[in-house]
Amino acid sequence: MSSTATLSPLTGLGVALATPFASGTDATGGPRKPEVDHPAFARLVEHVLAGGLGVDWLVVLGSTGEAATVTDVERHALVRHAVELAGGVPVVVGVGANDTEHACRLAVESVAAGADALLVVTPFYNKPQVSGLVAHFRAVAEAVPGTPVVAYNVPGRTGCNITPEAMRLIWAVDQVVGLKESSGDLRQIARLCQEAPEGRAVLAGDDDLAVASVAVGAQGLVSVVANVAPVETRRMVDAALTDRTAAARQTFALLAPLMEAMFVETNPVPVKAAIASLGLATAHVRLPLSPAEPATWTRVQQALAGLQLSRRSTRIAERLVGLAS
């Protein structure tokens, strides 16, 4: 574990980092699986940290980081690199798996590589009973004693929803210090916030529900949009958390077109187009995801221009579209 202080609880702004990929060719000259692009990853982290005005933590290898198609060997290198780049900013690592034994192994390896905390998504495909769900979180926590764990609820991806009733049992695992809540159900979010024990935090998992979630008790946001617009996202979260409602609404309205653009296709396809448009990386994704459609590029670039974030000419952006195709 790195020297960063223990996270208890997580609050404020976390950024769910994308994992940049670079293209390549195999021995026969044909296309091969895109490789992790570490120089581009460094540019992305620098962009987020330099523009974030106090980003509270980084999330590596969550849904936005395409964790499902990053190998275990690649994971270790990414975590170590993230810790080096973070400069003391806590690094939270996604260790989601639908095999509890595998999730435990990923947890141990991530902590050995320097992770400060772990993001543990509900097991996907298996559709575990509540008892199995609780046992899964407990097993991961016990594999890395003393390491903070953030449960991650994203039923749209996993087919498994952490209900308030289930979360009451998961909170009984002492190391579970937070819940990233991406159900999209504001009533459920409100109940989870109301029932969270003292010293634990519910975190908004959707940018477009961040202000509303904070209004009902969430203590922060794990953001996709902050890959692209960290300053504006920081401003929105800070205003919401300090009860400056008018300022939060104003910044939300400014960010709304970009938030909408980030989800016109499956995350992280649009955010990859956005960071490519900023010159930070290519827009490559790994199969079974496919490159952003031309209409997505147009939507993303319009949103960037509205925020005055477009730093590359149309000609270069068009070249990046070609690289991702």
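**Helix α12**

I started with the length of α12, residues 294-306, in this predicted model. Its 13 residues should span 18 Å at 1.5 Å a residue, and the end C-alpha atoms lie 19 Å apart, which agrees. Next I looked up burial. T296, W297, V300, A303 and L304 of α12 are buried. They cover an arc of only 135 degrees around the axis, so they sit on the same side of α12. P294, A295, Q302 and G306 are exposed on the other side of α12. I also checked what comes just after α12: Q308 has a positive phi of about 60 degrees.

**Helices α1 and α2**

I then turned to α1 (residues 38-51) and α2 (residues 72-86). These two helices pack with their axes 10 Å apart, at an angle of about 40 degrees. That makes α1 oblique to α2, since angles under 35 degrees would count as roughly parallel. I noted a right-handed crossing for α1 and α2. For the contacts, I listed H38, F41, A42, V45 and L49 on the α1 side. They meet A77, L78, H81, A82, L85 and A86 of α2.

**Helix α3**

Last, I took α3, residues 100-112. It has 13 residues and reaches 18 Å from first C-alpha to last, close to the 18 Å expected. I found A103, C104, L106, A107, S110 and V111 buried in α3. Seen down the axis, these buried residues fall within an arc of 160 degrees, so they line one face of α3. E101 and A112 are exposed on the other side of α3. What does the buried set of α3 pack against? I found α2, β5 (91-94), β6 (117-121) and α4 (130-143).

Key: Residues are numbered from 1 along each chain as its sequence is written. This is a predicted model: local features need pLDDT of at least 70, side-chain atom pairs count only at pLDDT 80 or more; totals for chains, interfaces and linings use all residues. Side-chain values use heavy atoms; hydrogens and water are left out. Helices (H or I, at least four residues) and strands (E, at least two) are DSSP runs, numbered from the N terminus. The expected span of a helix is 1.5 Å times one less than its number of residues. Buried means under 20% relative accessible area, exposed over 50%, partly exposed in between (1.4 Å probe, protein chains only). The arc is that of the directions from the helix axis to the C-beta atoms. Axes are lines fitted to C-alpha atoms, for helices over the stretch in contact, and angles run from 0 to 180 degrees between N-to-C directions. Angles under 35 degrees count as roughly parallel, over 145 as roughly antiparallel, 65 to 115 as roughly perpendicular and the rest as oblique. A crossing is left-handed if the near helix is turned anticlockwise from the far one by less than a right angle, and right-handed if clockwise. Contact means heavy atoms within 4.5 Å.
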